Amino acid sequence: MDNQELWQCVLSDIELSVSKANFNTWFRDTAIYTREGNAVVVSVPSSFTKEWLENKFNKFILKSLRELNSEIKEVKFIVYTNQENISQNNNLITKKKKQIFKKPENQLQLKVLNKDAENNLNLKYTFDTFVVGSSNELAHAAAKSVTKNLGTIYNPLFIYGGSGLGKTHLLQSIGNNILKQDSSKKVKYLSAEKFSSEMISAIQCGEMEKFKNKYRKIDLLIIDDIQFLSGKEKTQEEFFHTFNALYEKNKQIIISSDRPPKAIKTLEDRLRSRFEGGMIADVSYPDFETRLAILKFKVASKEIILSEDIMSYIAENFKRNIRELEGALNKVIMQMNILGDKKISLNSVKKTLSSESEMPKKIINIKQILKIVANFYDVEEKQLIQRIRRQEIVRPRQIAMFLLRNEYKASFPTIGSKMGGRDHTTVIHACEKINNELKTNNMLAEEINLIKQRLYT
Amino acid sequence: MSEKENKLKIICLQENIKNGLNISERVSCKNSNLPILNNALIKTDKGFLKILSTNLEIGVEVLIPCKVKQQGSSIIPIRLILNLINNLPNTKIQIEEFENKLLISTDNLKTSIPIINKEEFPIIPKIKKESDIIINSQIFKKAIEQVLNSVALSDLKPEISGILFDFKKDSLNIVATDVFRLSEKIILNKDIKKIEYNESFILPYKTAQELVKIIDSNNDIILNIEDNQVAFLYDKINLISKIIEGEYPNYKQIIPKESKTKIILNKEEFLSKIKIASIFSSNINDIKLLIDVKNQNILIKSEDNIKGEFSSEIDFNKLEGEDIKIVFNWKYLLDGLLNIEGEDIVFELSGNSSPAMLKSKEFNDYLYIIMPIKQ
């Protein structure tokens, strides 16, 4: 029996014989600190507790310990609080409260936060905590090689993918890794939105020169969510100049977006072509194995034990993004804390998560699929149904059929009749064609992924 | 406790017991899940009655003079007894334990209170060491008062929810901040009677507040510091408090080393203008200062959609450096100004988004740093 188990048994014993208030007051945050031969040293959170346990519960605790282990002859107490636990708790509180209170704007720059004010990087994001799977392999490899050859091989690095799939994690890991190698490097991480608002305030205060200089001295510029620049022409222009200035000096630029450069509306062509000039890597939906690996990683880092079938269940049911996956896991952990580890079963997990896994699953119908496909390819809905054989219509039509078959699970004849009374063999042909092409054509796979994303969000 | 033990019996003056219980009352906690903490343990101690109370973070022992007729101890519900005693004239009060009841009586008045089990009362820890620090209590009190209003009142960051006492080679630096402003008071070692401690500790806000209330004479206060607690011995009062664990942020780095704009002005003038401006400020307490060096003019402005607008010139003695337009929370400005001693103050600014500094022109042992509101 290790110390933790031993103390747990003692606590269960004591809990039975003292009042709840007493138990909570005097035994909270106690633990066995160490064992020295026949003596057990118990750590307590304050000197009040120490006095009390020493004087009032000493015999009781000793008796209880001896029942479990007769070698123990003595109990000692020391005041000791586990700093880690405290700071963890505090972090939790901080996080919670931050959501409730709007953070006041201007503060003295006391450096107690994890986040570095200078470069905006959050230290919790590192490569070590990034789980690599087939869906993000390429992006991860590109990010890794960027850290080894800053500014020379993949510049700019453009990473795109849906929200909650780990783009920010990857981006910040690069920044943190670079700083770890060489802390004198100037790294700046910010969102496109922040870039834009900084620029606006610079214009207001007439400090544009200062702003320009600030960004042109950077070794590694990381811009998150670049799609927010779309439609902001002046910001785009300024970003373009900054980009060029950095690019000329072989400074690394890393950009992320929720869609490929081509798909960002109203992005100026000169910017788009620049983004496409470097390395483009996508982060797509993690497959089941990756999701399970992520869960296992999270579970291990939280130092809890969760059975395989529960983890599989969560991985199976939360497919859309990793944040959701984490949310589900947190909910299960919460439930474990309330009910105790042992009472957790697959069924209770299912119950807890049911509301979550079902609700966002949007019910799709034929109309929606047609509408979204038409929208995506910029054709009219009715053109999909009409008998037009132009290439630009045929392709979307086939994709629509494919989706109706695979996502909506409609039968071939139904699809045929809904698509303007076509024969079911036409539909079969369309599905087979897309299926075959999917194996070789990555662009198509991407397009279909994006359409699916629109369908489900 | 055995049956044979003596039952407590004392006589003391209403005023003495009232003063003692007032201190106990403030320390004891009001809504704990441990109801025993609403009580105080009373114990005879030679010619005194010792009153002990605690909320498990602070423990306090107060000795009050009394005539001991029979040694013993008992337990009293603090607020009940205090309500009773507050309403009595300053006469002799007899307190006596008799058949599981506590009898409190004066010449013409009698009460009897059931006694609860005193075995449940927490043991207040003792600090065994000799004194570490001896300092004049008025100097100590003033220093705490000057920084107290800068302490962060929320528990979001526990390490700044208290006052830092940092014992340096030649001075004691007392610091408090809530990230919007920061107060630093320096007591030189020559003003401290005994120092045998050269580390630092963070004193919880509530303890500091209590010390300010307790200290009312010119006597010395003695500090004993141990790993996780600190004891204060002052007159007949012994107060023990936990120390906040954690590392105080490195505050020195945010104290501005130089400034772009420097103003010397009369404190009262500044205070009164801020007070008037505050009437017209909006719900974020903002007031604006427009400082024009070329025309040697300082304007204070405030406005609110509903209340209207206010503007006034501020008289000053000296103004040099750059022009600046800056917005402050008037409450924070007021707090700082009230902490500063002397007639004239030095107000140093470095741009409208960098911390500004307030200090006295005459005394250089205190400074107050305040963050402007972003415009």
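Me: What is the strand order in the open sheet of chain B?
Reply: This is a predicted model. In it, five strands of chain B form an open sheet in the order E5-E1-E7-E8-E9. The pairing is antiparallel.

Me: Which strands stand at the edges?
Reply: E5 (67–70) and E9 (109–114) of chain B do. Each has a single partner strand, so one side of each is left without a neighbour in the sheet.

Me: And what does the twist average?
Reply: About the twist: from one strand to the next, the average is 20°.

Me: How many bridges join E7 and E8 of chain B?
Reply: Five bridges. E7 covers residues 92–98 and E8 covers residues 101–106, and the two pair in the antiparallel sense.

Me: Which residue stands opposite B:Lys101?
Reply: B:Phe98 stands opposite that lysine of E8(B).

Me: What lies across E1 and E7 of chain B?
Reply: Helix H1 of chain B, residues 14–27. H1(B) runs at about 95° to E1(B), which spans 9–13.

Me: Switching to chain A. At what angle do H15 and H17 pack?
Reply: At about 145°, with axes 10 Å apart. H15 of chain A is residues 366–376, and H17 of chain A is residues 391–406.

Me: Is that crossing left-handed or right-handed?
Reply: H15(A) passes H17(A) in a right-handed crossing.

Me: Which residues meet there?
Reply: From H15(A): A:Ile366, A:Ile369, A:Leu370, A:Val373 and A:Ala374. They meet A:Pro396, A:Ile399, A:Ala400, A:Leu403 and A:Leu404 of H17(A).

Me: How many are nonpolar, polar or charged?
Reply: The contact of H15(A) with H17(A) has 10 nonpolar residues, no polar ones and no charged ones.

Definitions and conventions
Residues are numbered from 1 along each chain as its sequence is written. Chains are lettered from A and ligands numbered from 1 in the order in which they are written. This is a predicted model: local features need pLDDT of at least 70, side-chain atom pairs count only at pLDDT 80 or more; totals for chains, interfaces and linings use all residues. Axes are lines fitted to C-alpha atoms, for helices over the stretch in contact, and angles run from 0 to 180 degrees between N-to-C directions. Helices (H or I, at least four residues) and strands (E, at least two) are DSSP runs, numbered from the N terminus. A crossing is left-handed if the near helix is turned anticlockwise from the far one by less than a right angle, and right-handed if clockwise. Two residues are in contact if their C-beta atoms, placed from the backbone, lie within 7 Å. Ala, Val, Leu, Ile, Met, Phe, Trp, Tyr, Cys and Pro count as nonpolar, Asp, Glu, Lys and Arg as charged, and the others, Gly among them, as polar. Two strands pair if DSSP finds at least two bridges between them.
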